[in-house]
Amino acid sequence: MEKYRNFRLCGYVYAYYLDKTTPEQMQKDIEFAKYYTGMDKVYLETHRALVDIPKEKMLAAKKLFEDNGFEVSGGITTTVKVGDNPKPAIFDCFCFSDPAHRERFFQIVRDTAEMFDEIILDDYFFSSCRCNLCIEQKGGRSWEEFKLAQFAEVSREAVALAKSVNPNCNFIIKYPNWYESYQTTGYNPGVQKDIFDMIYTGTESRNSNFNHQHLQRYMSYSLMRYLENVAPGRNGGGWIDLGGVSADKNMWLEQANLTLFAGAKELMLFNFESVTRGDSLPPLGTDLRRVDALLDKVGMPTGVSAYEPHDSDGEDQLITYIGMCGIPFEMKPEFDFDAEVLFLAENAAHDPQVVEKLKKYVANGGRAVITSGFLKATWDRGIRDMTSLIPTGRRVSGTKYQIDYLNIYDGSIHEAEEPATFEVFTAKNNATWNDVLLHVNDFCTPVLTQDFYGDGLLNTLIVPDNFGDLYRIPGGIWAFISKVFTRGRKLFLGTKPKANLFTYDNGVFAVYNYHSYNSPIELTLLDDNYIGFEDLETGARTTEPHHVNPLPRRMGDSATFRPEPLERVFRLQIAPGEFKFYKLIKK
């Protein structure tokens, strides 16, 4: 099978497999993986939990894979038992406050570096340990401060040790999918990106319905983009997992597709044993060949700039929920003063200067969307200069929404099938304008507002108490919210939730449909330099819109209105569970 042109397919061969599998069975598994997917690289794990692979056995396995044309690297999973008294730590991760644990870890690194020119740390290189040694060493620091400092120190020592043993060693740290919790357990990408040679991204989105992590499918794309912006050019790839998706193999394919849509250089399959002993690889191989051909035609990913400072949390995974409502994001660890639209959720408040930066950005003509969580987190830090919104602490649930956009009065009512619950915010009349309202029993509360500030505009999105309630907001309301998020861009998606939009800098875009039944997906084209779009696979052209939205007009006794582009609305035919790529057609 020919190699993929735009990425490399890898397998993670964990220590349990290497420990128990005969060379004959390993050869069969290798042939199966090569035949169905063209896999040509593996990471062989030297240590996991209670298993250490003896050097002679490891070198024999390495030779077997190399004889079959594979590039071979090493891997380490940092779970362990040292002595007779296990540490009080989730997953039995190493306790780096304990000298015996440190010595054991560094011995594993030394042994692995002797055998491999490349090593990856699986995503257990963290610790929730709060043993007495940890408590003593923490002192007066917070647990976050202590863990971040400790893991930066251990990282430096581990990389230095590996390179002293093998100067050619390329050392990689893989970050897990739970990015909002990194700082609590020692993951420190803001510092570790400059310690390790490369980083890697956990893009295992799993089943969002029965998962305590709040992972949404869009995470397989958004986290890949975020870590690419953390360490540009040094994000080695994305790591997907059958765990949590065994009842729906389409979720397995979605993880792979979204990881590659985000520009991953490698796609890592965890783990080699499970993917070669079931029915997962044949459909994956077919899917990857299709994706590879499409990636020949895409540019660099683009999206709404979302500020995600290092070591921050708040409104955890909210971007992955909103991304599932059709808004494309480009998460960045720095405040983007050049963004056409800037998104700030509660976690952005981790930056102590964020309100001053926001004021400068908006006053200079920027358009920002903040969340109710960000507003409350910066309540006493100057945000009240920019809006009259006031949180009340009261809650209201309802199904009836109204669009009341200041620049083009609509007044349209959209009814949801199920209620969503929002905190009530008061917006002082004619100081702040309510673009979207929730109406309940002769009472209304804002869902989306706008405020003028300097030469720019500030929008505030009131986020439901349960982020899953975002999926209960009607598609017509999401179409309007998408329009606000994507100002200055060529197009936006308008549909009921559970669809992704991916955009690229060469006029290519893609839509993924997760709906459980056929339903219309509307795409609004804003740039009149384009007459429509072409399906990248079939060549079919679409140039006739389903309808055209009315242009802005003066509202009431206003003297002016803000010019806006003509909105041509097209309907896309994409089956549930499918995706399509398109390219805009110039005049």
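This is a predicted model: local features need pLDDT of at least 70, side-chain atom pairs count only at pLDDT 80 or more; totals for chains, interfaces and linings use all residues.
Which residue in E27 is the bridge partner of isoleucine 521?

1. In strand E27, leucine 572 is the bridge partner of isoleucine 521. The two strands concerned, E23 (residues 521-525) and E27 (residues 567-572), are joined by five bridges and pair in the antiparallel sense.

2. Strands E23 and E27 belong to an open sheet of four strands, ordered E20-E23-E27-E26, in which the pairing is antiparallel. The edges are held by strand E20 (491-494) and strand E26 (547-549); each has a single partner strand, so one side of each is left without a neighbour in the sheet. From one strand to the next, the twist averages 30°.

3. The sheet also has a helix lying on it: H16 (residues 475-485) lies across E20 and E27. Relative to E20, helix H16 runs at about 160°.

4. Helix H9 (residues 219-230) packs with helix H10 (residues 249-261) at an angle of about 30°, and their axes are 7 Å apart. Because angles under 35 degrees count as roughly parallel, H9 is described as roughly parallel to H10. The crossing of these two helices, H9 and H10, is right-handed.

5. As to the residues involved, H9 contributes Ser220, Tyr221 and Met224 to the contact, while H10 contributes Gln255, Leu258, Thr259 and Phe261.

Technical notes
Residues are numbered from 1 along each chain as its sequence is written. Side-chain values use heavy atoms; hydrogens and water are left out. Two strands pair if DSSP finds at least two bridges between them. Axes are lines fitted to C-alpha atoms, for helices over the stretch in contact, and angles run from 0 to 180 degrees between N-to-C directions. Contact means heavy atoms within 4.5 Å. Angles under 35 degrees count as roughly parallel, over 145 as roughly antiparallel, 65 to 115 as roughly perpendicular and the rest as oblique. A crossing is left-handed if the near helix is turned anticlockwise from the far one by less than a right angle, and right-handed if clockwise.
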